[in-house]
Amino acid sequence: FKDFELFNLSLLARKAWRILKNPETLAAHMLKAIYFPDGDFLSASLGSHPSQVWRSVLEGRDTLKVGLIRRIGDGRTTRIWEDSWLPREENMRPIACLAVNPPGLVHEIIDSATASWNRERVEQIFLPVDRKLILGIPLSTRALEDRWEWAHDKKGVFTVKSAYQMLVRTKLRRED
């Protein structure tokens with residue numbers, strides 16, 4: 001590894017991934033009880049008296065958030081404008097809204113009767129570049145919950161290697 005700082009961030013992101021995907025572990029329970037008892041891990045704050053462990057976990061979480069993508073199941077828990085859910089390299093949220101009263105959740109633009117996108121609604125709300133991505137997202141006919149996946153792996157599973165590569169690409173893009 002050429003950049004130990006980026007590698008360290010990748011390792012911290014792995015810890016954050018484990019907390020996100022396995023919230024029933026003892027470590028996750030302890031951190032939740034102390035630092036985010038009423039919230040969720042992805043929106044937890046540093047707090048007033050954070051330990052070094054919590055500071056490190058939050059650094060990893062911030063790295064993790066860059067590469068997380070929300071995979072759409074029924075669309076009931078994915079926030080259109082706040083969550084990353086569009087499959088692209090950067091800015092995985094819609095760019096802009098064309099509607100006066102936009103929907104808040106993805107399920108509001110899904111026709112549940114046919115398990116397909118409400119094409120007319122999508123065209124009213126989103127820019128053409130976002131429309132194309134949204135209409136290309138496959139929807140399941142089964143009632144699946146939305147879930148977080150790692151966008152930089154074909155299977156959606158976090159790896160330190162893919163996180164490191166993502167960080168290197170991001171750093172090079174920012175330097176250019």
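**Notebook: charges and salt bridges**

I began with the charges of the protein chain, and I noted 28 positive and 23 negative ones, whose mean positions lie 5 Å apart. I keep in mind throughout that this is a predicted model.

*Overall layout.* I then looked up the secondary structure, which comes to six helices and four strands in the protein chain, and I wrote down their order along the sequence as α-α-α-β-β-β-α-α-β-α. For the extent of the C-alpha trace I have about 50 × 40 × 30 Å along the principal axes. The chain has 176 residues, of which 39% count as buried, and its accessible surface comes to about 10,700 Å², with 53% of that belonging to carbon and sulfur atoms. I also looked up the contacts with a separation of 6 or more, and found that residues 24 or more positions apart account for 60% of them.

*Salt bridges.* How many salt bridges does the structure hold? I found nine, and I took a few of them in turn, bearing in mind that side chains of opposite charge can pair when their charged atoms come close.

One of them joins the side chains of Arg79 and Asp83, with 2.7 Å from N to O. Is Asp83 buried or exposed? I noted Asp83 as buried, because its relative accessible area is 4%, under the 20% cut-off, whereas Arg79, at 40% relative accessibility, counts as partly exposed.

Another links Glu123 with Arg119, and here the closest N and O atoms are 3.8 Å apart. Both residues lie in helix 4, which covers residues 119-125, and they are four residues apart, about one turn of the helix.

I next turned to Glu149 and Arg147, which form a salt bridge whose closest N and O atoms are 2.9 Å apart. This pair belongs to a network, in which salt bridges that share partners join Arg71, Arg147 and Glu149. Within the pair, Glu149 counts as buried at 14% relative accessibility, while Arg147 is partly exposed, with a relative accessible area of 36%.

*A residue in helix 3.* Lastly I looked up Val53, which is found in helix 3, residues 52-67. Val53 counts as exposed because its relative accessibility is 55%, over the 50% cut-off. I also compared its place with that of Trp17: Val53 and Trp17 are 36 residues apart in sequence, and their C-alpha atoms are 15 Å apart in space.

Methods: Residues numbered from 1 in each chain as written. Predicted model: local features only at pLDDT ≥ 70, side-chain atom pairs only at ≥ 80, totals over all residues. Heavy atoms only, no water. Salt bridge = Lys/Arg side-chain N within 4 Å of Asp/Glu carboxyl O. Buried < 20%, exposed > 50% of the residue type's maximum accessible area, 1.4 Å probe, protein only. Helix = DSSP H or I, 4+ residues; strand = E, 2+ residues; numbered from the N terminus. Contact = heavy atoms within 4.5 Å. Areas by Shrake-Rupley, 256 points an atom, 1.4 Å probe, with all protein chains shown as cover. Lys, Arg positive; Asp, Glu negative; His and termini not counted. Charge placed at Lys NZ, Arg CZ, Asp CG, Glu CD.
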